[in-house]
Amino acid sequence: MLWQISISHYSEKVRWALDHKRVPHARRTPPPPSHMAIAYALTRGEHATFPLMRLDGRVIGDSTAIIAALEQRHPDPPLIPADPVQRERALALEDLFDEAAGPPARHLGWHEITHDPDLLEEVAARLAGPPLDRFGSIAGATAKAFVGLRFGVGADEAAQESRNALVRVFDRLDAELDGLEQLVGDAFTVADLTAASLLYPIVTPPGAPRIVERVPAGLVRFQDALRDRPGFRWVERTYERFR
Ligand SMILES: N[C@@H](CCC(=O)N[C@@H](CS)C(=O)NCC(=O)O)C(=O)O
C-alpha cells in the first residue's frame, strides 16, 4: 500500500520506482493537510510526510528508504547499481537531488500557483476531492494558508531564491550528465529517476502528474529561460523514455 499526494514530486519518485519494477500495489490519497496526522499515526510519530509505503507489514517513511526497501524486495529490474562505485554515486546523486531540487521545486511551484487565484482554486479543489471540491474558494484559501505556513510560500524574494537554487541544480545536472544520457553508467538508475521526478514540477514534461492542464504564467516564463539547457531537455527525454 502506498500513501501518497498526487502532485507531490516525492510521491511521483516512489510511484515511478513502483511502476518501473512493476510492483502491484494499492494507493491511498488522503487530502492534504490531513496526510500529516495520518503519517504520524502510521509511523508512530516518526514521519509527518508522504509518501509512506507498507511493505511486508512494515510502514516505511521517506522516498529514499522506500526505494531501498523495494530494491531488496523486488531487485529486478534494478534501480541501484550492483557495482560499489556506481552504487555510491547513484545514492549520492539521489540524496543531492532530493535535497537540492525537492524543496525549491515545491516552493516555486506553489508560489506560481498561489499567484494565479483561479488556478489555485482548481488545484486545491482537485487535491481536496469530493465533497470538498465543490467549495473551490475555501479549498484555495486553505491550501494557500497551509503552503504559506508550512513551506514559507508567499514573498517574491523567497521565490527568487528558489529560482536561483533551481538554476544551480540545473548547472549541477548539466555537469553531472556531461553530455551523456544517464547519470551513472549506461543504465537508468535511481539517480536519473530522482533528478527527473524532483524537477518535474518545474519542467512539466508530458507523462508527469498534471492535475490541471494549465501551467501558471510565472512558471512558463521561468521554463522559457531554462528550456535550451541540456538538463531541462534531458528531464523531458527521461520522462519520454523511462516513465
Ligand atoms: N524526504 C521526504 C520528503 C517528503 C516530503 O517532503 N513530502 C511532502 C509532500 S511534497 C509532504 O508530505 N509534506 C508535508 C509537510 O511537510 O507538511 C521523502 O523523500 O519522502
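The buried residues of helix 1 pack against strand 1 (2-3), strand 3 (52-55), helix 3 (63-73), helix 5 (102-114), helix 9 (190-198) and helix 10 (200-203). Helices (H or I, at least four residues) and strands (E, at least two) are DSSP runs numbered from the N terminus. Residues are in contact when their C-beta atoms, placed from the backbone, lie within 7 Å. The model is a predicted one, in which local features need pLDDT of at least 70 and side-chain atom pairs count only at pLDDT 80 or more, while totals for chains, interfaces and linings use all residues. Residue numbers start from 1 along each chain as its sequence is written.

Helix 1 is mostly covered, with 10 of its 12 residues buried. Here, a residue is buried if 20 or more other C-beta atoms lie within 10 Å of its own, exposed if 12 or fewer, and partly exposed in between, with C-beta atoms placed from the backbone. Among the buried residues are His9, Tyr10, Trp16 and Leu18. The length of this helix (residues 9-20) also agrees with expectation, because 12 residues at 1.5 Å a residue should span 16 Å and the end C-alpha atoms are 16 Å apart; the expected span is 1.5 Å times one less than the number of residues. Arg22 is exposed, with 9 other C-beta atoms within 10 Å.

The domain assignment, which comes from an automatic or database source, gives domain 1 (2-73) and domain 2 (84-242). The C-alpha centres of the two domains lie 18 Å apart, and 13 residues of domain 1 are in contact with 20 residues of domain 2. On the domain 1 side, helix 1 and helix 3 are the elements that give two or more residues. Helix 1 supplies the largest share, six residues. By type, this side of domain 1 divides into eight nonpolar, three polar and two charged residues, where Ala, Val, Leu, Ile, Met, Phe, Trp, Tyr, Cys and Pro count as nonpolar, Asp, Glu, Lys and Arg as charged, and the others, Gly among them, as polar.

Turning to helix packing, helix 8 (residues 156-177) and helix 12 (residues 230-242) meet at an angle of about 75 degrees, with their axes 8 Å apart. Axes are lines fitted to C-alpha atoms, for helices over the stretch in contact, and angles run from 0 to 180 degrees between N-to-C directions. Helix 8 is therefore roughly perpendicular to helix 12, a label given to angles of 65 to 115 degrees. Phe170, Leu173, Asp174 and Leu177 of helix 8 make the contact with Pro230, Gly231, Phe232 and Trp234 of helix 12. Six of these residues are nonpolar, one is polar and one is charged.

Ser162 also has its place in helix 8 and is buried, with 23 other C-beta atoms within 10 Å. Leaving aside neighbours within four places in sequence, Ser162 is in contact with Pro104, His107 and Leu108. Asp178 has a positive phi of about 50 degrees although it is not a glycine, and counts as exposed with 8 C-beta neighbours inside 10 Å.

Finally, there are cis peptide bonds to note. The bond from Pro32 to Pro33 is cis, with omega near 5 degrees, and Pro33 lies in the loop between strand 2 (27-28) and helix 2 (34-42). The bond from Phe50 to Pro51 is cis too, with omega near 10 degrees; Pro51 is found in the loop between helix 2 and strand 3.

Terms used: Two residues are in contact if their C-beta atoms, placed from the backbone, lie within 7 Å. Angles under 35 degrees count as roughly parallel, over 145 as roughly antiparallel, 65 to 115 as roughly perpendicular and the rest as oblique.
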